[in-house]
Amino acid sequence: MEVFDLIGPLYRRVQRKVEEGAQGAYTGEQAQAVEGLSVGVRAVLDLLHKHGPMTVPQMGRAQAISRQFVQRMVNDAAARDLVESTPNPAHQRSSLIRLTEKGRAAIAAVVAREHAVLREVGGDLTDADVRTCVRVLAQMLTLFDTVDVN
């Protein structure tokens, strides 16, 4: 329970920091692409950056959030020309969503800034500590794989 007690506040603080960082840490075209970028839109861009084109339901399952929420985030991203819909050869009614060039530039800028901020964590943590933390959190996530998020 101690881990769960820490995860919520940590997640919310990181969200705030990400949104705060999107408010003035960039210049030129990057600034325009990430200005006002919500955590939800950032999550969509990150998924597409890491996994390539995906459907809205696939993104919802990957992030354990509702399809409706993902669809709103995709709509927000599309309105800003960060993503676009393309035909899905595997499913006619569920389009693939993919990053645009502007979306690729935006997520690259956000990730670079986040990595710079997170490198400040440092302290006396070793790579083994981080790997153990990731392993524990992944195992905890697996425990709740069957929870329906819709």
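These are my notebook entries on a predicted model of one protein chain.

**Entry 1: the overall layout**

I began with the secondary structure. The protein chain has 7 helices and 2 strands. I then read along the sequence and wrote down the pattern α-α-α-α-α-β-β-α-α. Next I looked up burial. Of the 150 residues in the protein chain, 30% are buried. I also checked how far apart in sequence the contacting residues are. Among contacts with a separation of 6 or more, 58% join residues 24 or more positions apart.

**Entry 2: helices α3 and α5**

Two packed helices are described by the angle between their axes and the distance between the axes. I looked up both values for one pair. Helix α3 covers residues 39-51, and helix α5 covers residues 67-79. Their axes are 9 Å apart, and the angle is about 85°. Angles of 65 to 115 degrees count as roughly perpendicular. Therefore α3 and α5 are roughly perpendicular to each other.

Which residues in α3 and α5 meet? From α3 I noted G40, V41 and V44. From α5 I noted F69, V70, M73, V74, D76 and A77. By class, this contact of α3 with α5 has 7 nonpolar residues, 1 polar and 1 charged.

**Entry 3: the largest nonpolar core**

In soluble globular proteins, nonpolar side chains tend to be buried together. I went looking for such a group here. The largest nonpolar core has 21 residues. L45, L48, M59, V74 and V83 touch the most other members. Two or more residues each come from α3, α4 (56-63), α5, β2 (96-99) and α6 (101-118). Which element gives the most to this core? I found that α3 does, with 5 residues.

V74 turned up in my notes again. It touches α3 in the helix pair, and V74 is also on the list of core residues with the most contacts to other members.

**Entry 4: salt bridges**

How many salt bridges does a search of the whole structure find? The search finds 4. I looked up three of them in detail.

My pick from α3 was D46 with R42. Their side chains meet in a salt bridge of 3.5 Å, N to O. The two are 4 residues apart in helix α3, so about one helical turn separates them. Are D46 and R42 buried or exposed? Both are buried.

Then I turned to R98 and E84. Their side chains meet in a salt bridge of 2.7 Å, N to O. R98 lies in strand β2 and E84 in strand β1 (residues 83-86), so the pair ties together parts 14 residues apart in sequence. R98 has 37%, so R98 is partly exposed. E84 is partly exposed too, because its value is 32%.

I then moved to helix α6. There E101 forms a salt bridge with R104, and the closest N and O atoms are 2.8 Å apart. E101 and R104 both lie in α6, 3 residues apart, about one turn of the helix. E101 has a relative accessible area of 57%, so E101 is exposed. R104 is partly exposed, at 36% relative accessibility.

My last note is on shared partners. Salt bridges that share partners join R42, D46 and K50 into one network.

Technical notes: Residues numbered from 1 in each chain as written. Predicted model: local features only at pLDDT ≥ 70, side-chain atom pairs only at ≥ 80, totals over all residues. Heavy atoms only, no water. Axes fitted to C-alpha atoms, helices over the stretch in contact; angles between N-to-C directions. Parallel < 35°, antiparallel > 145°, perpendicular 65-115°, else oblique. Contact = heavy atoms within 4.5 Å. Nonpolar A, V, L, I, M, F, W, Y, C, P; charged D, E, K, R; others polar. Core = buried A, V, L, I, M, F, W, Y, C linked by side-chain atoms within 4.5 Å. Buried < 20%, exposed > 50% of the residue type's maximum accessible area, 1.4 Å probe, protein only.
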